[in-house]
There are 2 protein chains.
Amino acid sequence: MGAFFLAAEFHTNYSGTAFKVERVLYQEKSDYQDILVFETKDHGKVLMLGGAVMLTERDEFCYHEMLVHPVAQVVENLKKVLVIGGGDGGTVKRLLAYSDEIEKIDVVEIDDKVVEVCKRFFPELASSFNDRRVNIVAQDGMNYIATTSEKYDLIICDTTDPVGPAEVLYSRTFYEAIKKALNEGGIAVSQSESPFYHAETLGDLWHNAIKPVFSNAKLYLAFVPTYCNGLWSFAVMSESIDVEAAPLKRREKLTDCRYYNEEVHRAAFKLPEFVKKIVKDMPVYY
Amino acid sequence: MGAFFLAAEFHTNYSGTAFKVERVLYQEKSDYQDILVFETKDHGKVLMLGGAVMLTERDEFCYHEMLVHPVAQVVENLKKVLVIGGGDGGTVKRLLAYSDEIEKIDVVEIDDKVVEVCKRFFPELASSFNDRRVNIVAQDGMNYIATTSEKYDLIICDTTDPVGPAEVLYSRTFYEAIKKALNEGGIAVSQSESPFYHAETLGDLWHNAIKPVFSNAKLYLAFVPTYCNGLWSFAVMSESIDVEAAPLKRREKLTDCRYYNEEVHRAAFKLPEFVKKIVKDMPVYY
């Protein structure tokens with residue numbers, strides 16, 4: 001079979017996900033992180049940032065659909081949207097299913113190298129940035145949200161893991177600023193790591209940053225094969241809307257979904273016992 | 001950091017799950033398969049059969065709770081139970097939560113070496129075999145079910161992947177024999193592989209072996225981190241009981257669960273779009 005490269009993300013230093021690399025397409029250190037793009041036989045092209053899988057062509061639909069549609073389906077208005085992170089374009093691509101309502105999408109991505117690389121290697125996602133509604137801001141997410149006077153109907157935190165540039169995006173200060181930047185009836189959603197491998201990160205984020213700030217916060221789950229062996233969590237925050245129970249308002253926009261549907265929306269909020277423990281008032285980390 | 005062993009299961013030959021091995025505890029070829037037991041830092045002891053992860057101490061609860069409780073909670077009677085495969089003891093351990101009702105558990109495990117190895121390395125699971133209700137039969141599952149005159153309230157197919165000794169356990173002949181061996185009001189459940197990485201195996205099993213035989217068959221999902229990047233499927237079969245909707249009859253037995261609860265039971269049957277496609281009449285494999 002000959003020699004080959006193996007790309008691996010070790011979620012805990014002791015176990016993880018591995019890919020046989022057909023071809024390395026790009027490998028560079030930006031001002032913020034290592035960027036790696038490679039080709040695989042079963043997952044298509046893979047993007048890794050700082051040693052963590054950001055997306056594979058084959059399963060990005062799981063993550064991006066479940067990050068965008070649960071909130072986009074129930075939010076009151078959908079005119080102004082903020083995406084923090086999301087430099088690959090997968091989130092904006094799903095937002096554009098609602099393009100007749102959306103007037104503006106601000107994408108605050110600290111690392112413009114990521115945007116450039118994704119436009120080159122993942123055009124089916126990053127070409128969404130060419131839409132006239134999209135405005136890319138190369139700025140630190142914390143800095144942007146703390147200083148902006150804009151208000152948004154929907155804020156989506158599509159961030160990397162809490163190491164390096166994204167660390168500050170897991171703080172209470174950040175979520176207080178998020179709350180201030182939401183319009184009435186607005187909703188925010190954050191990817192919130194693996195409840196299995198990052199229980200402490202999720203517990204800290206939940207109890208110290210999100211719960212004290214929002215009166216209506218809930219956790220939901222989705223399966224993303226290449227994110228830490230599959231189980232991924234998302235936190236929704238609002239002052240007025242119960243995302244779990246609210247009626248879907250834009251069903252006719254769901255024609256392209258390969259993961260999301262209404263039943264999955266409701267089911268995603270039903271948590272296994274070990275995840276319920278993390279979000280209870282006194283966290284007992286698994 | 002020095003040299004170390006890396007144990008990997010490649011779900012597709014091109015990607016998979018990898019573990020840093022602290023210590024190899026057992027490595028032997030039985031009459032049926034390669035058996036490997038090793039110690040890891042974050043998953044405890046790991047058992048691999050034929051190159052596939054059978055269990056890790058840290059996450060076996062996800063699989064075994066979700067294989068046993070959904071059916072054990074709703075089945076009419078729970079006096080006689082058959083387990084096909086299950087040589088590690090994790091399934092029997094969960095069944096014994098219902099030991100005041102259960103009169104007999106027959107475990108048909110073709111490879112008695114697996115039972116022996118698990119008694120030695122996974123006593124917290126395999127010590128369940130010492131219960132007086134448990135009767136271990138070292139026989140081929142197909143052969144047993146085709147020739148037995150016993151009838152069961154519950155049949156649990158806790159089998160390995162459809163290669164080598166388990167291949168025949170994915171056939172229509174096998175499921176016809178399962179149906180004949182069920183008491184009235186009885187239920188069977190089978191682990192049915194990864195809908196993401198084994199869509200064709202699941203589709204074949206569903207459309208050729210299960211659906212033509214049982215009038216009431218449904219698929220449900222659970223998250224098992226070390227089974228093919230996390231999403232695992234299970235098929236329930238019955239002539240009379242809708243496992244998805246039936247009331248739980250034995251709630252007071254659920255005190256030790258770390259995954260299963262009633263909400264998770266209902267939610268597990270809500271399938272993402274790409275899984276729904278597999279179980280529709282004309283399968284469109286993802």
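Guide: Happy to! Helix α6(A) passes helix α7(A) in a right-handed crossing; a crossing is right-handed if the near helix is turned clockwise from the far one by less than a right angle, and left-handed if anticlockwise. Before we go on, this is a predicted model, where local features need pLDDT of at least 70, side-chain atom pairs count only at pLDDT 80 or more, and totals for chains, interfaces and linings use all residues. Residues are numbered from 1 along each chain as its sequence is written, while chains are lettered from A and ligands numbered from 1 in the order in which they are written.

On chain A, α6 covers residues 172-180 and α7 covers residues 199-210. Helices here are DSSP runs (H or I, at least four residues), numbered from the N terminus. The two pack at an angle of about 55°, with their axes 8 Å apart; axes are lines fitted to C-alpha atoms over the stretch in contact, and angles run from 0 to 180 degrees between N-to-C directions. α6(A) and α7(A) are therefore oblique to each other, a word for angles that are not under 35 degrees (roughly parallel), over 145 (roughly antiparallel) or 65 to 115 (roughly perpendicular).

Who touches whom? From α6(A) come Arg172(A), Phe174(A) and Tyr175(A), and they meet Asn208(A), Ala209(A) and Ile210(A) of α7(A). Contact means C-beta atoms, placed from the backbone, within 7 Å. By class, this contact has 4 nonpolar, 1 polar and 1 charged residues, where Ala, Val, Leu, Ile, Met, Phe, Trp, Tyr, Cys and Pro count as nonpolar, Asp, Glu, Lys and Arg as charged, and the others, Gly among them, as polar.

Definitions and conventions: Contact = placed C-beta atoms within 7 Å.
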